[in-house]
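Give the cut-offs along the way.

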Amino acid sequence: MADKVLMKGNEAIAEAAIIAGCRHYFGYPITPQTEVAAYMAKKMPKIGGVFLQAESEIAAINMVYGVSSAGKRVMTSSASPGISLKGEGLSYLAGSDLPALVVNVQRGGPGLGGIQPSQSDYFQATKGGGHGDYHLIVLTPSSVQEMADLTSLAFDLADKYRMPSMLLADGTMGQMMEPVVLPEDTVDPETIPATKPWATTGTQMKRAHNIVNSLYLKPDELEKTNYERFERYAKLEKEECRWEEYLMDDAEVCVVSVGITARVAKNAIVAARKEGIKVGMIRPITLYPFPKEPLAKAASKVKSFLTVELNMGQMNEDVKLAINCSKPVNMCNRVGGMIPSADEVLAAIRKEAK
Amino acid sequence: MTYETIMAGFGGQGLLFSGKVLAHAALIENKELSWLPSYGPEMRGGTCNCSVIVSDEPVGSPIIAHPNVLMVMNEPSLDKFEDTVAPGGTIFVDSALIGRKVRRTDVEVVYIPATQMAKDMEALSLANMIILGAIVEKLRCVNPDTIETALRETISARKASLLDLNLKAVAAGRAFIRG
Amino acid sequence: MAIVFQKPKALTDAVLHYCPGCTHGIVHRLVAEAIDELGIEGRTIGIAPVGCSVMAYDYFRCDMIEASHGRAPAVATGVKRSMPDNIVFTYQGDGDLASIGLCETVSTACRGENITIIFINNAIYGMTGGQMAPTSLIGQVTQTSPYGRDPKTQGMPIRICELLASLDAPAYLERVAVNSVAHVRQAKKAILKAFKNQVEGKGFSLVEVVSTCPTNWGLTPDKACQFVEEKMIPFYPLGCYKDRTAEEAK
């Protein structure tokens, strides 16, 4: 097994991306994700890669669009306000069926908000962000190890399903250091374009021209592309859902949480178990596709659900949908960069157990 | 055993770095750990802290609500964190910078004039490493000798010339505890 | 029988959707001729804008990418940086390049990206039906300047070549027109040079083509060409605004 190294979450993303064969990074400075850019700025020139500080987040996502069109693995990273600027680009990537990795290390909002950790871009990531009917693959890490692992997965899934993927982390995940074992399977970036016959790499006068495009002025054609895309989404939903279950076997209360709050909730669950409260947790790892099945299954056994999140109840809605509102879905939340303490979560769990 | 350490003071005192060295030492010893900084717009002079958890068990939340080790290098930090320390915990106070005494009676307190000691060693910026030496000597959360290895591996090439001084500072902190 | 005239190979057989008298067709042809003459079709990637020429991806035979509004230079940067040996050009109108995408235009020029930009300046938004462009002339009547462009409230037109000429990085900036045979000949030379520069690794080249929009100007094609001569060119003087390649050759 490879050695454990100590890294910040943001650095783990960058290194894992390089291992995954990404040699193109475009970004614009914004807290709390700037370490990704700093790491890439240092590393890319040494390995024949491209680091470019773009003039704006808008330019960055469009540079990503260009490289992805050329069939190569490419990424950008930003934090909440910057992701809003990338919204149009995300829609174009989705509409042109282009794979890419976009990292959002979330901070409190709305507006300029703050720079402390948040999960309040959940809706933006899973429901929209840009215009039109589309999805991003949304992966959400809960440790520095997952920052690395999910980065690799994000590239693989993006290529497999020809769609952009987003690593949706909260600021804590980006800033904290933990031991991490980096992925061992190094991807040779030169092998990637050959797997993408649709890429605009130049015809070499040997084939008809490839066009990367999201414009379809004939409504029936546009409708067809939408249906085809959603067939892919259906396959994604069926095959790529990921989640972690923790002490769910005999649970009567099901906590649902991601990222830093899942870590806090784990501490609270350990404490609650000591008090004899039968509580467990389902931690989604993919937010799109959302792990509806395990939640629906849990709904037949537990008395109630408790989402622990850093927003005003965004994932809460998806849990309600997943279980068809068959059980109460309550919430323990803090916003604006505040994080609930384990004691606060424990108190909320006790309330559920009553 | 789980050591939940908060190191707090002004930005520029090297608190994030001493936390990193402790975390790195834990990594070398193959312990479970997490390191979480406060981050903000202030680069120098503002309040600053980091949370380091070193444990034999996997780390749950990296956020520390009740530290059992507190290292403070300014009075606002002592004011902020004193009441959060778990009963039976240990507080390390830079007594050269903090005039008041710890009010809690259910914790152990080590007063160490680290900033004065650092000044005397002509290494003013290394008071953090003196206290780190004291922490590991007293609590053995990691083997104190591992700190030396961790320092060698952590100090950036740009500051390599400062390695010896850092090692001396750690040694001074350890000697202070041994008395 | 000897062929004395034919369509450039770098153009597809698709029928252009442009209005009668519009000069997009001429400029498409000049771009295609440059691609043919340099023998670069197989390694060329074109970036289409949003605007009248949005469907340029159907007209050029090389690989094509359709960019979001104004971002073609950023997309081109990504393509060129990932495939430095390929030839990358953007084809953009005045709304795309000089208004919504001005930041990308200036920044890409500033970085001296080794790409070619063909900039169509016809002083109006054509595709959306004739609104005021950043390059609309003072007093020009459009759908959104119905009383004529008033500098007091709608500002002055922007001269892109002059603006970019103040930067150090661009290699070649030239303004041409296609309203007369003589001007078309000059335009052809400029466009060829802008592509040749890229092939030779000389850096950022932009050719601004003062063009017509008979439909939205409300003029016949020949009157539109006259408008270019009498109104546009006096405000947008033709000529070379920067040629570092010439300076280097000295």
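A:I137 touches A:A154, A:L157, A:A158, A:Y161, A:M163, A:S165, A:M166, A:L236 and A:Y288, leaving aside residues up to four places away in sequence. Two residues are in contact if their C-beta atoms, placed from the backbone, lie within 7 Å. The model is predicted, so local features need pLDDT of at least 70 and side-chain atom pairs count only at pLDDT 80 or more, while totals for chains, interfaces and linings use all residues. Residues are numbered from 1 along each chain as its sequence is written, and chains are lettered from A and ligands numbered from 1 in the order in which they are written.

A:I137 also matters for the core count. The largest nonpolar core has 244 residues, and A:I137, B:I130, C:I118 and C:V209 touch the most other members. Helix α6 (residues 144-161) of chain A gives the most to this core, with ten residues. The core draws at least three residues from each of domain 1 (4-195) and domain 2 (243-353) of chain A. A nonpolar core here is a set of buried Ala, Val, Leu, Ile, Met, Phe, Trp, Tyr and Cys residues joined through C-beta atoms within 7 Å. Buried means that 20 or more other C-beta atoms lie within 10 Å of a residue's own; exposed means 12 or fewer, and partly exposed is in between, with C-beta atoms placed from the backbone. In soluble globular proteins, nonpolar side chains tend to be buried together.

Helices (H or I, at least four residues) and strands (E, at least two) are DSSP runs, numbered from the N terminus. Strand β4 (residues 116-121) of chain C has six of its six residues buried. In a regular strand the side chains alternate between the two faces of the sheet. In β4(C) both faces are covered: C:T116, C:I118 and C:I120 lie on one side, and C:I117, C:F119 and C:N121 on the other.

What flanks β4(C)? Strands pair if DSSP finds at least two bridges between them. Strand β3 (residues 87-93) of chain C pairs with β4(C) in the parallel sense over five bridges, and C:Y91 stands opposite C:I118. Strand β8 (residues 205-210) of chain C also pairs with β4(C) in the parallel sense, over six bridges. There C:T116 stands opposite C:S205.

β3(C) has seven of its seven residues buried, so the rest of the structure largely encloses it. Strand β1 (residues 44-48) of chain C runs parallel to β3(C), joined by four bridges. C:T44 has C:I87 as its bridge partner.

Back to chain A and its domains. Their bounds come from an automatic or database domain assignment, which gives domain 1 (4-195) and domain 2 (243-353). The C-alpha centres of these two domains lie 27 Å apart. Their contact takes 24 residues from domain 1 and 20 residues from domain 2. On the domain 1 side, α5(A) gives the most, with four residues. That side divides into eleven nonpolar, eleven polar and two charged residues. Ala, Val, Leu, Ile, Met, Phe, Trp, Tyr, Cys and Pro count as nonpolar, Asp, Glu, Lys and Arg as charged, and the others, Gly among them, as polar.

Last, the chain contact. In it, 19 residues of chain A meet 15 residues of chain B. On the chain A side, α9(A) gives the most, with five residues. By class, that side has ten nonpolar, four polar and five charged residues.
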